[in-house]
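I opened the notebook on a new model today.

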Amino acid sequence: MDNKPHTPPVLAAEFSNEREAAIACGMLQTNGIEAFVVYDAMATIYGAGATWAPVRLYVRADHAEKAAELLAAAGD
């Protein structure tokens with residue numbers, strides 16, 4: 001059991017589609033950063049993957065700096 005206090009999630013990045021967000025999320029998780037994607041499924045237009053609203057990637061606040069470094073290095 002993890003006894004460390006958890007910090008609230010913060011926005012790490014925004015993407016124009018779920019696929020890009022999922023790739024970035026997986027990269028962060030592979031590097032030990034807790035991350036998750038939030039998107040509005042109702043905003044998807046005709047299943048084409050384009051959204052009206054950005055797909056958001058969140059990380060714990062205490063991982064935000066490292067996440068930003070990894071995302072910048074990956075070009076996201």
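**Fold**

I started with the secondary structure: the protein chain has 2 helices and 3 strands. The model is predicted, and I read it as such. Walking from the N terminus, I noted the order β-α-β-β-α.

Of the contacts in the protein chain with a separation of 6 or more, 68% join residues 24 or more positions apart.

I then checked burial and surface. The protein chain has 76 residues, and 24% of them count as buried. The chain exposes about 5200 Å². Carbon and sulfur atoms supply 57% of that area.

**Sheet**

In what order do the strands stand in the sheet? I traced β1-β3-β2, an open sheet with antiparallel pairing. β1 and β2 (35-38) are at the edges. Each has a single partner strand, so one side of each lacks a neighbour in the sheet. I noted an average twist of 30° from one strand to the next.

I went through the β1 and β3 pairing in more detail. These two strands are joined antiparallel over 6 bridges. One of the partners I looked up was that of P9: it is R60 in β3.

Then I turned to the helix packing. α2 lies across β1 and β3. Its direction makes an angle of about 135° with β3.

**Core**

Which residues have the most contacts inside the largest nonpolar core? I listed F15, L28, I33, A35, L57, V59 and L71. The core has 14 residues in total. β1 (9-15), α1 (18-30), β3 (55-60) and α2 (64-74) each supply at least two of its residues. α1 gives the most, with 4 residues.

**Charged pairs**

How many salt bridges does the structure hold? I counted 3.

E14 is partly exposed, at 45% relative accessible area. R56 is partly exposed too, at 30%.

I moved on to R60 and E34. Their side chains meet in a salt bridge at 3.0 Å, N to O. The pair links distant parts of the chain, 26 residues apart. R60 is in strand β3, while E34 is in the loop between α1 and β2.

R60 also forms a salt bridge with D62. The closest N and O atoms there are 2.8 Å apart. I therefore wrote E34, R60 and D62 down as a network of salt bridges.

Is R60 buried or exposed? Buried means under 20% relative accessible area. R60 comes out at 9%, so it counts as buried.

Note on methods
Residues are numbered from 1 along each chain as its sequence is written. This is a predicted model: local features need pLDDT of at least 70, side-chain atom pairs count only at pLDDT 80 or more; totals for chains, interfaces and linings use all residues. Side-chain values use heavy atoms; hydrogens and water are left out. A nonpolar core is a set of buried Ala, Val, Leu, Ile, Met, Phe, Trp, Tyr and Cys residues joined through side-chain atoms within 4.5 Å. Buried means under 20% relative accessible area, exposed over 50%, partly exposed in between (1.4 Å probe, protein chains only). Contact means heavy atoms within 4.5 Å. Accessible areas come from the Shrake-Rupley method with a 1.4 Å probe; for residues, only the protein chains shown count as cover. Two strands pair if DSSP finds at least two bridges between them. Axes are lines fitted to C-alpha atoms, for helices over the stretch in contact, and angles run from 0 to 180 degrees between N-to-C directions. A salt bridge is a side-chain nitrogen of Lys or Arg within 4 Å of a carboxyl oxygen of Asp or Glu.
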